Amino acid sequence: MVRARLVLRLRWLWFSRTDPERAWQGLDLQFSNNERTLFSASTYMTIGNGLNALFWEDRWLNGQSVGELMPMLYSCITK
């Protein structure tokens with residue numbers, strides 16, 4: 001049961017990034033740090049036109065995020 005819940009939550013994370021037409025898209029869904037970490041480790045972003053990419057968090061620099069590559073710089077950025 002726990003695995004099915006995790007799979008569903010990761011799927012919601014994926015759709016929240018890739019499909020703006022989902023009915024629940026406007027909801028403020030809360031994800032745990034573990035869910036976000038697993039999602040991040042399992043995906044990478046291609047910048048494309050830049051409308052959907054998160055510059056600081058997405059793993060678009062050879063499979064790594066700016067935060068992973070430059071943690072001191074990332075720590076200076078206001079959230």
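A residue is termed buried when its relative accessible area is under 20%, exposed when it is over 50%, and partly exposed in between (1.4 Å probe, protein chains only). By this criterion, Arg 9 and Glu 35 are both buried. The structure is a predicted model, in which local features need pLDDT of at least 70 and side-chain atom pairs count only at pLDDT 80 or more, whereas totals for chains, interfaces and linings use all residues. Residues are numbered from 1 along each chain as its sequence is written, and side-chain values use heavy atoms, with hydrogens and water left out.

The structure holds 3 salt bridges, a salt bridge being a side-chain nitrogen of Lys or Arg within 4 Å of a carboxyl oxygen of Asp or Glu. Arg 9 pairs in this way with Glu 35, with the closest N and O atoms 3.0 Å apart. Arg 9 belongs to helix H1 and Glu 35 to helix H2, so the pair ties together parts that are 26 residues apart in sequence; helices are DSSP runs (H or I, at least four residues), numbered from the N terminus. Glu 35 also meets Arg 5 in a salt bridge (3.7 Å, N to O). Arg 5 counts as exposed, at 52% relative accessibility, whereas the value for Glu 35 is 5%.

Arg 59 is buried, with a relative accessible area of 18%, while Glu 68 is partly exposed at 42%.

Definitions and conventions. Helices (H or I, at least four residues) and strands (E, at least two) are DSSP runs, numbered from the N terminus.
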